[in-house]
Amino acid sequence: MKEDSSFEKNKIFFAIIIGAIIIGLFIFTSIIIINNNPDSSPPDPLNPSPNLEPNNPDQPDESQYEPISNPTYTVTKIVDGDTIVLSNNEKVRFIGINTEEKGQKCYQEATDRLSELILNKKVKLETDIDKVDKYGRNLRFVFLGNENINTLMVKEGLATIYTVGSNKKYLSELEKAQREAREGQGCIWRKSSSCKNCIGVAYLNSNADGDDCKNPNDEYIKFSNSCSAECDITDWTIKDEATHIYTFPEFILQSNSLMTLKSGKGTDTTEVLFWDNHGNSGQCPAIWNNDGDTVYLRDKQGSLVLEYGY
């Protein structure tokens, strides 16, 4: 019995020794791993990692944008109010804005103002997500010093907001500038006194049945004259956010009546007109974007009669 008792005590003693060795090896190995991987240390609650902060859905993901190296280029030519040529012969189209086309009111004012601002001066460029348009022009924000020239052209009433694709980097800044320009009735926003408060959009169908390009006459706008006097809208123009422009032929919109402007081809009547007869539409005759657009109706002097967004 004594020998059995001694044997049991020795077993317990060796078990304790072996267990201590295993625990010591585990602690030693853990210390080596931690020292070789300092990033694995627990986060400091007073200095949390920025990666642990939740994303703000109202702010753009800056990681989408190309880092700004801010090279400077000299502007050697002003094409119009939203397009320039640089000293490296690259043509640059301003992101997020659109100025009037040649022959329209404020076209020359926008071109002259851009020349005054940046012609023969060094500018910095910033990209957005989409960097080239379908015409091969480089899409950029243009800065003179710290001044965003894209925003300045909108703020001075010489350009309107025109967003294409994913390029919305300075959208909130542009929207604020456009509100100020509209309230101040800058060049593009000067209101017409012709048929004041009479003309409205009664209905707009931007989404034709089937393929819009193949069924443009199912895309149309109905304009109303709610006044008791007729409105002569000859040589008035309609424009979208892009560069589609329609010029009214000789036409009287009778008092308290409607007229329809369809996007395709047809024979004009006293109640229905067709965009393709007196406007530019491009390869696809559909005009109005299904996901939103703006109708600008101007009198023959180019003053704004109606702005209708959807």
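I take buried as under 20% relative accessible area, exposed as over 50%, and partly exposed as in between (1.4 Å probe, protein chains only).

**Ground rules**

The model is predicted: local features need pLDDT of at least 70, side-chain atom pairs count only at pLDDT 80 or more, and totals for chains, interfaces and linings use all residues. Residues are numbered from 1 along each chain as its sequence is written, and side-chain values use heavy atoms, with hydrogens and water left out. I use DSSP runs numbered from the N terminus: helices are H or I of at least four residues, strands are E of at least two.

**Salt bridges**

I count a salt bridge when a side-chain nitrogen of Lys or Arg is within 4 Å of a carboxyl oxygen of Asp or Glu. I searched the whole structure and found 9.

I looked at glutamate 180 and lysine 155. Their side chains meet in a salt bridge, 3.9 Å from N to O. Glutamate 180 sits in helix α4 (residues 171-183) and lysine 155 in helix α3 (residues 149-155), so the pair ties together parts 25 residues apart in sequence. Glutamate 180 is partly exposed at 31% relative accessibility. Lysine 155 is also partly exposed, at 46%.

Next came aspartate 82 and arginine 93, with a salt bridge of 3.6 Å, N to O. Aspartate 82 is in the loop between β1 (72-80) and β2 (83-86), and arginine 93 is in strand β3 (residues 91-94), so parts 11 residues apart in sequence are tied together. Both aspartate 82 and arginine 93 are buried.

Then I checked glutamate 100 and arginine 298. Their closest N and O atoms are 3.7 Å apart in a salt bridge. This pair links distant parts of the chain, 198 residues apart: glutamate 100 in the loop between β4 (97-98) and α2 (107-118), arginine 298 in strand β17. Glutamate 100 is buried at 6% relative accessible area. Arginine 298 is buried at 5% relative accessibility.

I also noted a network of salt bridges linking Arg113, Glu116 and Glu156.

**The sheet with β17**

I followed β17 into its sheet. I call two strands paired if DSSP finds at least two bridges between them. The sheet is open, has 4 strands in the order β13-β12-β17-β18, and pairs antiparallel. Its edge strands, β13 (245-247) and β18 (304-309), each pair on one side only. The twist averages 15 degrees from one strand to the next, with axes as lines fitted to C-alpha atoms, for helices over the stretch in contact, and angles from 0 to 180 degrees between N-to-C directions. Between β12 (residues 237-239) and β17 (residues 294-298) I find 3 bridges. Lysine 239 has tyrosine 296 of β17 as its bridge partner.

**Helix α2**

Which residues of α2 are buried? I list Tyr107, Ala110, Thr111, Leu114, Leu117 and Ile118. They lie on the same side of α2, because they cover an arc of only 130 degrees around the axis. The arc is that of the directions from the helix axis to the C-beta atoms. Their cover includes β1, β2, β3, β5 (122-126), β6 (138-144) and α3, where contact means heavy atoms within 4.5 Å.

**Positive phi**

Most residues other than glycine have a negative phi. I logged cysteine 106, not a glycine, at a positive phi of about 80 degrees. Cysteine 106 is in the loop between β4 and α2 and is buried at 1% relative accessibility. Just after α2, asparagine 120 has a positive phi of about 65 degrees. Asparagine 256 shows a positive phi of about 50 degrees. Asparagine 256 lies in the loop between β14 (252-253) and β15 (257-262) and is exposed at 57% relative accessibility.
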